[in-house]
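Here is a short report for someone meeting this structure for the first time. Please look over the sequence and the model before reading on.

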Amino acid sequence: MKMMRIKQLKISHIIYVLLVFAILYYPVKITKYYLMDLSYDEILDFNWRGYGCETKDGHRVDGRDCPCGGGMMGPGDPYKISNEGDFYYNDKLLGKVILKTKPSYFSGGEILTGGELEIEHLETGIICYYDSVLD
């Protein structure tokens with residue numbers, strides 16, 4: 001009888017701990033996200049949409065001539081960012097990454113999530129702009 005009572009207590013404690021973990025997981029994850037900076041590895045965990053390029057002196061570049069591409073990039077694509085912020089496509093160095101604004105967990109029903117990314121192309125000096133978008 002006493003052994004049965006101890007087993008029930010252990011099971012109820014385990015269920016209680018799992019319930020607390022489940023309830024606190026997302027609030028802790030979201031709080032950590034907003035309090036800490038993204039590493040370069042984490043930038044490519046989001047989807048990014050190219051929306052234009054311009055030279056350093058502010059002249060717009062036609063979409064066909066944008067050296068960074070202009071389409072979508074996201075998880076699973078052949079893009080990589082080194083710990084120093086160097087941007088690679090298929091192991092070829094393209095430019096330097098600057099994260100202007102972190103994407104948000106909440107989009108407010110829109111496709112954009114508020115993140116802004118710039119990639120400065122090393123050969124031409126052209127700056128390519130990207131917005132974060134929902135998956």
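## Basis of the model

This is a predicted model: local features need pLDDT of at least 70, side-chain atom pairs count only at pLDDT 80 or more, and totals for chains, interfaces and linings use all residues. Residues are numbered from 1 along each chain as its sequence is written, and side-chain values use heavy atoms, leaving out hydrogens and water.

## Strands and hairpins

Strands here are DSSP runs of E with at least two residues, numbered from the N terminus. Two strands pair if DSSP finds at least two bridges between them.

Strand 5 covers residues 86–89. Four bridges join strand 5 to strand 6, and the two run antiparallel. Y88 faces L93 in strand 6. Strands 5 and 6 form a hairpin, with two residues between them. N90 sits in that turn and has a positive phi of about 50°.

Strand 6 also pairs with strand 7, in the antiparallel sense, over six bridges. T101 stands opposite E116 in strand 7. G95 has H121 of strand 7 as its bridge partner.

Strand 7 in turn is joined to strand 8 by six bridges, again antiparallel. L112 lies opposite V133 in strand 8. These two strands form a hairpin with five residues between them. In the turn, G125 has a positive phi of about 80°.

## The nonpolar core

A nonpolar core is a set of buried Ala, Val, Leu, Ile, Met, Phe, Trp, Tyr and Cys residues joined through side-chain atoms within 4.5 Å. Buried means under 20% relative accessible area, exposed over 50%, and partly exposed in between (1.4 Å probe, protein chains only). In soluble globular proteins, nonpolar side chains tend to be buried together.

The largest nonpolar core has 19 residues. Which members touch the most others? They are I43, M73, F87, V97, L117, I119 and Y130. Strand 1 (47–54), strand 4 (79–81), strand 6 (92–101), strand 7 (112–121) and strand 8 (127–133) each supply at least two residues of this core.

Take I43. Contact means heavy atoms within 4.5 Å. Apart from neighbours within four places in sequence, I43 is in contact with L38, W48, I81, V97, L99 and L117.

## The disulfide

A disulfide is a pair of cysteine sulfur atoms within 2.5 Å. A search of the whole structure finds one. C53 is joined to C66, with S to S at 1.6 Å. The pair links distant parts of the chain, 13 residues apart. C53 is in strand 1, while C66 is in the loop between strand 2 (60–61) and strand 3 (72–73).

C53 counts as buried because its relative accessible area is 0%. C66 is buried too, at 12% relative accessibility.

D86 lies in strand 5. At 18% relative accessibility, D86 is buried. Its side chain makes a polar contact with the side chain of K96 (3.3 Å). Beyond four places in sequence, D86 is in contact with K80, I81, L93, G95 and K96.

E54 belongs to strand 1. Why does E54 count as buried? Because its relative accessibility is 19%. The side chain of E54 makes a polar contact with the side chain of Y129 (3.0 Å). Beyond four places in sequence, the contacts of E54 are H59, R60, V61, I126, I127 and Y129.

Terms used:
A polar contact is a pair of N or O atoms within 3.5 Å; within protein, one must be able to donate a hydrogen and the other to accept it, and residues adjacent in sequence count only if both atoms are side-chain atoms.
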